[in-house]
Protein chains: 2
Amino acid sequence: MNASPDVRQQIERTPPLHPRGEPRHSPIAGAVLTNADVDHVAGLLTLREGQSLSVYATGRVHQVLSANSIFNVLEAERVERLALPIEQDVALQLPGNRSAGISVTAFPVPGKVALWLEDLSAGPDFGTEAEDTVGLKVADTATGHAFFYVPGCAAMPADLAQRLTGASLVFFDGTTWTDDEMRAAGVGAKTGRRMGHMSMSGPDGSIAAFAGLGVRRRVFIHINNTNPVLLRDSPERRQAEAAGWEIAEDGLEIVL
Amino acid sequence: MNASPDVRQQIERTPPLHPRGEPRHSPIAGAVLTNADVDHVAGLLTLREGQSLSVYATGRVHQVLSANSIFNVLEAERVERLALPIEQDVALQLPGNRSAGISVTAFPVPGKVALWLEDLSAGPDFGTEAEDTVGLKVADTATGHAFFYVPGCAAMPADLAQRLTGASLVFFDGTTWTDDEMRAAGVGAKTGRRMGHMSMSGPDGSIAAFAGLGVRRRVFIHINNTNPVLLRDSPERRQAEAAGWEIAEDGLEIVL
């Protein structure tokens, strides 16, 4: 899920179980989950059954997968469920204990428990815990080149800003342009904040939050279909690009 | 899930919550589940969130949905989970208690529990129960025109043969051509029978089983990508068509 183009390239260097060109080959040898929302975990159900796969997630997200037996389609003998402890560099393993040449460090970011796991009796945070949403620092272990991948983030606290300062590349939560755009478009009642996302625009938005961080490349990902930044000719697109942001698109490839 | 073109046409006659032309409109107002295999239930996770929907299933399949909290993305206030009792005509309801003009009768067919629910300690049937796999008789309540929809079926016992005899239209399980074709193609170890499907060819196959039933139109559905019948120029395709079968394809529309 959510593998960046770089990660995909790295993984393809080591041959997977069904070699390229053979029936049912998939170049995806692993998945790193940043939370348990349905758009982050349901894709596991459509990955090739019968191919080896490594699935990394926090303890909290693994609990959710374990509690939902439908994820048994990922056969235990072929799919390893591996720990992604917070604030530790993890050298990603390919199936068969081979190294992927990639290390990942997960760090908590402001977010919330997945919508479908909300505990309405738990008060305004719906039972959210620290490991519900993480960002990733992904590094090439050979070159040390690294990028950050943060598809869900509800705010930019000082420690997160400090972590990202001076990074050469950050993929960041671009769900909404304004907090209430889903309601304005008549497609839903929830605000971006209610779903655990900060908006791009405004004084509390991500564009403003990144303004002083000196991040070389900033790429918005995880963009909702109500976000006008998706339209190439929109004023919002011009505004984001003028602030130095790129808008991700299918097939995007970036070489660090 | 698995709605036939006819069902889809019927459902579109009554306006759904998000009217056609409005953002996030979906013409799908309901789903009838014939078992809990991942290819029959995972699609529920990608149906529009926030649109009213009626989900019909046997008690056994509803238990499976309830035991997997990920299906809470189908919000309880918008998605009704309705009973599909065996051998009873059920007049399908659209959201808001409106009639769909369709009645459905579920009947048990030889099959098995979904692969991901197998209880290996339960012996050779893996804990399969009668309600794990059903076929459907779908009727237009105005005209009485009806068809059968049987996407998974492991054998043709006498009572099922009798039920289908003389039908004007049957959609039937076309997973495999030969029982071991997945192994022969090198894409998996399981046979068709192991997955709860009878093959098309051979003396125990579906083509032979239907030969004397006098069914006017026979359409294979649920066809695995190893089945050579999918190739328009294959000998297997010619053989199926010579026996009076049609091979379903995306966009197929049939008027009864």
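First, a term I need for the fold: a crossover is right-handed if, with the strands pointing away from the viewer, the path from the first strand over the helix to the second runs clockwise. Helices (H or I, at least four residues) and strands (E, at least two) are DSSP runs, numbered from the N terminus.

Ground rules next. I am looking at a predicted model, where local features need pLDDT of at least 70, side-chain atom pairs count only at pLDDT 80 or more, and totals for chains, interfaces and linings use all residues. Residues are numbered from 1 along each chain as its sequence is written, chains are lettered from A and ligands numbered from 1 in the order in which they are written, and side-chain values use heavy atoms, with hydrogens and water left out.

**Entry 1: the β-α-β units**

I started with chain A. There, E2(A), helix H3 (residues 59–67) and E3(A) make a right-handed β-α-β unit. Strand E2 (residues 53–57) and strand E3 (residues 79–83) of chain A run parallel and are joined by five bridges; two strands pair if DSSP finds at least two bridges between them. I picked out one bridge: A:Tyr56 has A:Leu82 in E3(A) as its partner.

Then I checked chain B. E2(B), helix H3 (residues 59–67) of chain B and E3(B) make a right-handed β-α-β unit. Five bridges link strand E2 (residues 53–57) of chain B with E3(B), and the two run parallel. Here I noted that B:Val55 has B:Arg81 as its bridge partner in E3(B).

How big is the second largest pocket? I get a volume of about 1300 Å³. Of the 40 residues that line this pocket, the closest to its centre are A:Val38, A:Leu115, A:Met195, B:Glu49 and B:Glu75. Two elements give two or more residues to the lining: helix H2 (38–41) of chain A and strand E3 (79–83) of chain B.

For the method: on a 1 Å grid over the protein atoms alone, a pocket is an open set of points where a 1.4 Å probe fits, with protein on both sides within 12 Å along at least five of seven lines, and lining residues have an atom within 4 Å of a point. The volume is the space filled by probe spheres set on the points.

Is B:Thr176 buried or exposed? B:Thr176 has a relative accessible area of 1%, so I wrote down buried (under 20%; exposed is over 50%, partly exposed in between, with a 1.4 Å probe and protein chains only). B:Thr176 is in the loop between strand E8 (169–173) and helix H5 (181–184) of chain B. Its side chain makes a polar contact with the side chain of B:Ser199 at 2.9 Å (a pair of N or O atoms within 3.5 Å; within protein, one must be able to donate a hydrogen and the other to accept it, and residues adjacent in sequence count only if both atoms are side-chain atoms).

B:Thr175 is in the loop between E8 and H5 of chain B and counts as buried at 4%. Its side chain makes a polar contact with the side chain of B:His222 at 3.1 Å.

A:Phe126 is not a glycine, yet I found a positive phi of about 55°. A:Phe126 sits in the loop between strand E5 (98–108) and strand E6 (134–140) of chain A, and is buried at 17%.
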